[in-house]
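Here are my notes on the two-chain model you passed along.

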Amino acid sequence: MDYQFDEDSQRLRARLREMIAMNFDSDFLGAWTDDPNDLVQTQRFCRLLADEGLLARAWPAEFGGGGGSVWEQTVVREEMWAHHEPRGAQYMGLNWVGPALIRFGTEAQRRQHLPSIAAGEVVWCQGFSEPEAGSDLASLRTRATPTDGGWLVSGQKIWTSYAEMAQWCVVAARTSTEGRKHEGITVFLVPMDGDGPTVRPIASMLGRHHLNEVFFDEVFVGPDSVLGEVNGGWAVIREALKFERVGIARYARCDRLLHLLREELGESWNDLPGGLRARWARALIHVRTARLLAYRVVAAQEAGTLTDADASIARVATTLCDQEVAEVLFEALGPRALDNATSSAAILHGAVEDHWRYAQAATIASGTIEIQRMLIARSVLAAGNR
Amino acid sequence: MNLELPDSAVDFGNSARGAFEAAGGVDLARRAEIDPRVRSNVIAPLLADLGALDVVLGTDSDTDAAAAELCRVAGAVGLPYPLVSVLSSPDGPQRPLALVAPAHPRAEHGDLFPDWLAAPLDGSRRWAATARGGVLGTRLGSFVADLRLGAEEGPVDVSGFVVLSAWRVLGTLERALQLVIEHVTSRRQFGAPLADLQSVQFQVADIAVHVQALRELARYTLSVRSASTSSRLSDALALRVSMIETATQVFRSSHQLHGAIGLCNEHDLSILDRVTQPALRQPAGLEATTDALLVSIETSGFDSLFGQSIHGSRA
């Protein structure tokens, strides 16, 4: 595979770093802190990115995108995640909602939704998981029943990030009980405002906005809200999850934090136990490897040859790397690891503490590591038997 | 940056694979353990016929790729010949390169050639070395022989050795994964193939992730060799660290999944594991290699998205 990081990509990386430095203080830790101004800043920054065609870099210009390559989009993804995602909640719309709309949406759906995502004007959330349907997503119970002029959606979703602020939700609902359970699911594009669903935040170690419950009580949606085919939602979900699995460039933040910490410790680096410095070096290697595996997926996406196994291999590597780096960084800080962004004594403004908390979710969110392993094994064993 | 091997290297590897398999595959190692002359009487002529001993690392990127692919294919059968030493030495087959721990200088197949070029893992020195007797003949050192270090000759670039060594081990580990798949899909327990058990599936998945990760890193390290000399050693040492970690994990899981049969000499996994151990232990294992990498990173850096922060500009 050919990793096409040309001069344009390098210029783009430099421009993004410049924009981040100009618009955020060095202590910025993302949109989900206790300071509401952080969220406001990210929304403003998204519009700046959109103005330069950088937000949806690889989308076609007709949908409000920048017409760039997937490699340029990869650069955007890396720089954003490395710098604590200054796009805030937008990454979900950009990483998989938009691509799923491009793949499965009608012309009208594309025209309605893609430009607003590309402009950073709208927040989407994902209504897949339910209390009784986590990894076994096809067991979902939320129902959509036909009614005059559309559908009525009833049920409960859970773990729904950004649901409080989202204007739209991609909802997977059961529309048939015939055949296998994967076959009776339909994906709907549901507005969250007006008479839409009710949202209840769930307090968690991850911080605000990451986890919510969403209740649908006969929420009406029109026939034009179906994404893909009626009862054909499983194909949409699989594709969306494939995009989502490689959407977050976790290795990029790991890379940045490992180097920032080394620099921050200065001479005291040599006081760390030799074994810990060795773990730091090995973490650097694992970050490099995770990046290479992610690039392999990008190349496969570009060629239209991406498999579940390739996406899952990259995801297993990068999520384990995320947790490994979190532990290495915490070990290096010792008792100071417990300080967070509110403490003036916090090393790197609490970035390590923030990373460690978020890393706990790495092997759970977007499909647990157990599901990734099942997908890999299924593919590897099938290929080996051919 | 294109990480795909050129067609010429792939074709060369396919020819070599065919020749190795026709000559017995892993049985070559079994035969050589009984009669070490198999290496010079059977394998050396076979490699000469392939033109393998004429490959000069560093000629161009296509040649480097051919050398790497040859080592990978050789690794898949545990070929008992010092291919990495010959291909990576600036003196070629006249004086193969051995990376040694100076206190215990040893080389795989050290008995096959009278004269050697020996160097420590960082290549900061090199010595003229000579063979010192026959092979150890132990179960894990079937083809390892002691060397005697002579005159010191100054530094040498050892990164080629380290990279080719990783390609060799990659080939071995890819074969181990194949053996695992064959075993867990054919071996039945409790009325079903082992592969039906989720704990087995998870181990297979983890092996696949490890092997794929090493493969990508090996391709990357090979491809950047020609672009930069400043980070060559760091890149090579990082690959070696990954190689040792991966081999340890893959062999461990492969044995576990095979059960007792994987420990038997009649099974290829046992042979491949045993003949690979010297490459993992000489000249240094995981921790000492990581130490060498840390030193190299401090002096030459480590290319990454934010790696430049070590040398000044803040990430």
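1. Start with H4(A) and H5(A): the crossing between these two helices is left-handed. Keep in mind throughout that this is a predicted model. H4 covers residues 90-104 of chain A and H5 covers residues 107-118, and their axes come within 10 Å and cross at roughly 160 degrees. Since angles over 145 count as roughly antiparallel, that makes H4(A) roughly antiparallel to H5(A).

2. As for who touches whom in that pair, H4(A) puts in Gly93(A), Leu94(A), Val97(A), Gly98(A), Leu101(A) and Ile102(A), while H5(A) answers with Gln109(A), Arg110(A), His113(A), Leu114(A) and Ile117(A). Sorted by class, the contact of H4(A) with H5(A) comes out as six nonpolar residues, four polar and one charged.

3. H6(B), residues 159-186, packs on H9(B), residues 268-281, at an angle of about 160 degrees, with the axes 11 Å apart. H6(B) and H9(B) are therefore roughly antiparallel, and their crossing is left-handed. On the H6(B) side the contact uses Ser165(B), Arg168(B), Val169(B), Thr172(B), Arg175(B), Ala176(B) and Leu179(B); on the H9(B) side it uses Asp268(B), Leu269(B), Leu272(B), Thr276(B) and Ala279(B).

4. Now the strands of chain A. S1(A), residues 124-127, is covered on both faces: Trp124(A) and Gln126(A) point to one side, Cys125(A) and Gly127(A) to the other, and all of them are buried. S1(A) runs parallel to S4(A), residues 168-174, and four bridges join the two. If you want a pair to click on, Cys125(A) has Cys169(A) in S4(A) as its bridge partner.

5. Over in chain B there is an open sheet of five strands with mixed pairing, in the order S1-S3-S4-S5-S2. S1(B), residues 97-99, and S2(B), residues 106-108, are the edge strands, each pairing on one side only. From one strand to the next the twist averages 45 degrees. Inside the sheet, S3(B), residues 115-119, and S4(B), residues 127-135, pair in the antiparallel sense over four bridges, and Ala118(B) stands opposite Trp127(B) of S4(B).

6. On to the interface: which helix gives the largest share of the side of chain A that touches chain B? In total, 35 residues of chain A are in contact with 38 of chain B. The elements of chain A that give two or more residues are H3 (70-82), H7 (250-265), H8 (274-303), H9 (308-333) and H11 (369-385). H8(A) supplies the largest share, twelve residues. By class, the chain A side has 20 nonpolar, four polar and eleven charged residues.

7. Setting aside neighbours within four places in sequence, Glu353(A) is in contact with Ala337(A), Asp339(A), Asn340(A) and Ala346(A). Phe188(A), by comparison, lies 165 residues from Glu353(A) in sequence and 37 Å away in space, C-alpha to C-alpha.

Key: Residues are numbered from 1 along each chain as its sequence is written. Chains are lettered from A and ligands numbered from 1 in the order in which they are written. This is a predicted model: local features need pLDDT of at least 70, side-chain atom pairs count only at pLDDT 80 or more; totals for chains, interfaces and linings use all residues. Axes are lines fitted to C-alpha atoms, for helices over the stretch in contact, and angles run from 0 to 180 degrees between N-to-C directions. Angles under 35 degrees count as roughly parallel, over 145 as roughly antiparallel, 65 to 115 as roughly perpendicular and the rest as oblique. A crossing is left-handed if the near helix is turned anticlockwise from the far one by less than a right angle, and right-handed if clockwise. Two residues are in contact if their C-beta atoms, placed from the backbone, lie within 7 Å. Ala, Val, Leu, Ile, Met, Phe, Trp, Tyr, Cys and Pro count as nonpolar, Asp, Glu, Lys and Arg as charged, and the others, Gly among them, as polar. A residue is buried if 20 or more other C-beta atoms lie within 10 Å of its own, exposed if 12 or fewer, and partly exposed in between; C-beta atoms are placed from the backbone. Two strands pair if DSSP finds at least two bridges between them.
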